[in-house]
Amino acid sequence: MEIHEQPTEQWEPEKVIPAALPQQNAVQPAGEANIPQHKSLSRRALFAGVLGVGAVASGVAFEQWTSHGGSTYLGAPATTAKVGHLLRRAGFGAQKDELTAYAALGYEGAVDRLINYQQVADDDAENRLKALKLDLTRVPDQQRWWLLRMAWTQRPLLEKMTLFWHGVLTSSYRKTGGKEAILMNVQNEFLRNHAFDTYDNILLGITSDPAMLYYLDLTKSTKKSPNENYAREMMELFTLGVGHYTQQDVYEAAAALTGWHVRGRAALNPVAAYNPRDHSGREITFLGQKGAFDYKDIVRILANNPATPWFISRRLFTFFAYENPSNDDLKPLVDTYVKSNHNMGEVMKTLLLLPQFSSAKAYRGRVKSPSEFIAGAYRALNITSDGKELPGQAVVMGQTLLDPPNVAGWPGDKISALWINSGTWMARLNYINLLLNGGRSGGSVYKPVDLQSMVNTNHIDTPEHFVDHFASYLLDGNLEADRKAQLVDYFKAQDSGPDKGKITLTNGQSYSLAKVRGTVYLMMASPEYQLN
Amino acid sequence: MKLSRRAMIRDGMLVVSAGMVMPAIFSRGVASAKALTLDGARSSFAASDHTLIVIQMAGGNDGLNTVVPYADPTYRKMRPTIGIAENQVIRLDNRVGLHPNLAPLKSFWDQGHMAVVEGVGYPNQSLSHFQAMDIWQTLDLNGNGSEGWLGKLVAGLVDKDGHPFQAMDIGVQTAQALSSISTPVPTLTSSQTYRLYPDPVENDGGNARMQALMKLYNTYPKSSPYAALLDTTSLGAQEGSRQLRQAETAYQSAATYPQGPFAAGLKVLAEAIVQGLGLRVGYVTLGGFDTHANQQATHATLMKTLADGLSAFYTDLTKHNKADNVVVMTWSEFGRRVEENGSLGTDHGTAAPMFVLGNAVNKGIYGEPPVLNSLDKNGNLKYTVDFRSVYATMLDRWMGASSKDVLGGSFDTQKFLA
């Protein structure tokens with residue numbers, strides 16, 4: 001029996017509902033019948049309605065998940081785990097109250113909320129970002145802005161989808177040049193604004209995106225001498241994949257794609273401009289079709305090529321669910337692509353509602369990417385630094401945003417094991433160490449995480465409760481009993497040497513700060529937490 | 001009695017104090033050492049102290065502007081603007097010469113320590129960077145391979161000392177050439193950052209926390225996805241960082257390395273070699289060779305980075321008396337189109353030259369130079385030397401490994417190594 005078919009929702013949240021916001025035209029959720037259909041609500045209502053639910057979710061172990069190969073899905077906490085999985089994959093993880101609130105919507109309600117992001121206000125994140133007064137013409141500030149955005153946004157799927165597109169339709173600031181680094185931000189905003197648009201529109205936009213025009217040399221391509229770089233990569237990496245086109249198609253498409261150039265180089269605001277007089281206009285034969293094609297025709301032909309939905313669905317499925325999907329896995333996405341006129345939001349929704357997405361195979365089935373790890377930990381621990389160090393952390397973990405290793409993006413997006421090696425593993429742990437203990441790094445001052453106030457706020461009264469509390473949202477509450485015991489033992493262990501601080505639980509018992517903080521470190525350094 | 005870890009492993013015993021987590025790499029080392037004693041025949045990968053340094057020039061290096069056929073009129077004709085002027089070329093013979101920024105490599109040549117293998121490639125190039133990189137690294141001509149050729153080597157090499165630094169990759173991502181199912185390769189950008197920091201409030205410098213962490217890794221269900229990767233990575237990281245920290249303290253570079261990550265990476269490799277960490281394969285990637293437009297300045301900078309870095313590396317090793325044991329090999333996924341394009345650049349090509357450097361190298365130009373006026377239908381060079389024959393030479397004649405085992409077939413070897 002698949003996980004999604006299990007009875008869920010032992011507890012029904014109070015009908016927390018909805019200030020009536022318009023329901024989007026979304027595809028109706030398939031499967032589970034007992035999910036209320038209208039779930040949109042304001043963030044405030046969302047959180048207000050479900051306080052205290054977390055106490056139910058925490059404290060229940062999830063051994064069954066792993067020990068029974070994922071065939072058993074527990075009741076209410078299993079919903080939390082399933083939604084926790086959803087929020088890690090379709091976002092950057094969650095704080096405890098967020099997880100609780102999303103879980104209260106039921107799985108499909110949570111999917112709706114993620115997909116219909118326009119209905120969720122994100123003013124808080126926007127205001128916090130504005131308050132930093134970052135200079136978005138500078139790359140480190142762009143990277144910092146984006147990582148903090150991932151950590152703070154209430155529209156996590158939108159941000160995750162933007163990250164997905166950045167790994168597929170990628171460009172690097174190294175080629176746009178220092179003075180025109182702002183173009184990377186322009187591209188980033190394009191990918192965000194059109195994250196769920198039709199693939200045709202996305203391809204049209206990226207073809208005429210200034211950073212892309214530089215990155216794959218289309219701006220250098222002229223009627224007289226078409227440059228084949230963009231034409232090739234567009235087919236190989238954006239739409240069809242190797243084997244579905246010939247070198248002749250590359251030549252021909254290169255001619256058809258001529259006409260776009262970046263104008264106003266080194267000015268403050270370089271833009272893409274189409275010059276029909278520099279468009280080849282010659283008749284070409286492209287993938288079996290004949291005509292005096294231009295870039296719009298190339299995009300149309302590619303977006304309608306039968307290989308394209310398979311290609312992009314494979315990328316999407318691999319990034320969000322698991323690697324090496326079968327054709328059966330991909331078929332529903334391909335069908336949606338065709339039926340919806342290539343609408344990527346619809347394809348995404350199909351994916352999130354597929355049983356495979358929530359399957360045992362998917363669960364902890366990918367290694368967290370550096371962005372997921374950095375933004376996820378920052379978000380979960382509710383870190384309040386200025387985030388100046390985050391871009392550097394991403395570099396040492398192996399994902400320099402806005403500077404992918406090459407035009408194929410990050411190999412880890414496809415094979416997530418490639419994110420982990422001895423060096424990046426240590427970088428991850430050192431980042432956790434920095435977040436928890438504080439310190440000075442890269443011009444930022446990190447205050448230690450205030451564990452005492454977390455203990456007080458959450459009325460944590462025993463070491464077991466402490467571990468349960470953090471495991472409930474850092475690890476979906478899915479921590480095997482013997483592993484929990486290891487953590488509790490560590491928590492209780494005596495510290496030798498001088499006393500460097502205590503944490504007092506609400507039962508009055510005090511424990512060594514080193515051990516208490518070390519317990520959270522161990523959870524976030526654990527194998528489980530490296531996985532997504 | 002206190003045994004060094006090396007001694008313990010040599011003697012096939014391992015003393016583990018109660019409660020200590022037994023690192024898997026130790027147990028494997030013990031098993032391997034035993035297997036070696038019992039079955040002396042199983043040493044197709046005979047250990048030696050030879051080291052191979054592989055330099056990947058990622059993006060498709062323009063071979064024709066690296067080793068320039070300056071005397072060929074077709075070169076002038078096809079490269080009217082971006083061709084290297086004849087009087088700029090550093091001549092190796094009457095036919096070819098080096099890019100001017102490769103001047104430091106000319107001294108390798110003059111000392112008899114450099115070979116050039118021309119025309120290296122493979123059949124049916126798709127002109128895709130990624131398929132080409134896959135093929136060079138995994139040897140699967142369909143581009144569907146996963147294990148790297150060096151990964152096979154590293155996983156199969158029996159190092160009786162149990163060094164985790166059998167191979168080392170400079171960067172934030174392990175090269176596909178080094179990927180193996182059983183043996184993750186230490187991957188790092190600098191020795192300073194290759195360590196775990198403790199929590200300052202810990203009184204024991206982080207030992208207890210580390211012990212607890214290793215137990216969490218060691219007891220993570222082995223059947224879970226990525227369990228083996230995480231377990232071996234965590235162990236390798238710990239042991240490797242300890243060794244590298246020791247090496248870092250003892251090592252003094254004997255050369256001035258240029259700025260930048262490429263040379264810094266070579267310096268880390270030199271440190272590992274000089275300090276005797278058992279490095280057999282070192283790997284550094286230099287990227288940025290995909291020069292479709294305005295290639296001259298970009299390519300010139302890359303040539304300088306390459307040559308200056310290698311020169312410092314070699315000087316360092318020589319002054320530490322370690323240069324005899326090290327051979328450097330460069331490769332790129334393809335060369336570039338013979339004819340320049342309209343953007344002062346070059347498009348994806350096929351065959352290209354490789355450099356082999358080191359005291360053990362027989363100076364010379366090997367392979368067959370591809371003919372510039374007999375191109376394939378895409379305007380690209382026809383390759384003359386299968387890249388696997390270069391690998392075979394390196395494996396059989398330098399690494400003491402069986403090229404047949406690694407490459408899955410027999411390939412002619414070249415004479416650039418004795």
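Into which domains is chain A divided? Chain A splits into domain 1 (6–120), domain 2 (155–304) and domain 3 (451–530). These bounds come from an automatic or database domain assignment. The model is predicted: local features need pLDDT of at least 70, side-chain atom pairs count only at pLDDT 80 or more, and totals for chains, interfaces and linings use all residues. Residues are numbered from 1 along each chain as its sequence is written, while chains are lettered from A and ligands numbered from 1 in the order in which they are written.

Start with chain A. Its secondary structure comes to 28 helices and 8 strands. Helices (H or I, at least four residues) and strands (E, at least two) are DSSP runs, numbered from the N terminus. Of its 532 residues, 56% count as buried. A residue is buried if 20 or more other C-beta atoms lie within 10 Å of its own, exposed if 12 or fewer, and partly exposed in between, with C-beta atoms placed from the backbone. Two residues are in contact if their C-beta atoms, again placed from the backbone, lie within 7 Å. Among contacts in chain A between residues at least 6 apart in sequence, 72% join residues at least 24 apart.

Next, a helix pair in chain A. Two packed helices are described by the angle between their axes and the distance between the axes. The axes of helix H20 (residues 370–380) and helix H21 (residues 390–397) of chain A come within 9 Å and cross at roughly 145°. Axes are lines fitted to C-alpha atoms, for helices over the stretch in contact, and angles run from 0 to 180 degrees between N-to-C directions. The crossing of H20(A) and H21(A) is right-handed. A crossing is left-handed if the near helix is turned anticlockwise from the far one by less than a right angle, and right-handed if clockwise. H20(A) brings Pro370(A), Ser371(A), Phe373(A) and Ile374(A) to the contact, and H21(A) brings Leu390(A), Gln393(A), Ala394(A) and Met397(A). By class, that contact has 6 nonpolar, 2 polar and no charged residues.

Not counting residues up to four places away in sequence, Ile374(A) touches Leu147(A), Leu390(A), Gln393(A), Ala394(A), Met397(A) and Tyr431(A). The largest nonpolar core has 268 residues, and Leu351(A), Ile374(A), Met523(A), Val117(B), Leu269(B) and Val356(B) touch the most other members. A nonpolar core is a set of buried Ala, Val, Leu, Ile, Met, Phe, Trp, Tyr and Cys residues joined through C-beta atoms within 7 Å.

Most residues other than glycine have a negative phi. Asn324(A) has a positive phi near 55°. Asn324(A) lies in the loop between helix H17 (307–320) and helix H18 (327–339) of chain A. Asn324(A) counts as exposed because it has 10 C-beta neighbours inside 10 Å.

Turn to chain B. Chain B has 12 helices and 12 strands. Buried residues make up 53% of its 418 residues.

H5(B) is mostly covered, with 9 of its 10 residues buried. Just after H5(B), Leu139(B) takes a positive phi of about 75°.

Finish in strand S10 (residues 352–357) of chain B, the place of Phe355(B). Phe355(B) counts as buried because it has 25 C-beta neighbours inside 10 Å. Leaving aside neighbours within four places in sequence, Phe355(B) is in contact with Met114(B), Val116(B) and Thr330(B).

Key: Nonpolar A, V, L, I, M, F, W, Y, C, P; charged D, E, K, R; others polar.
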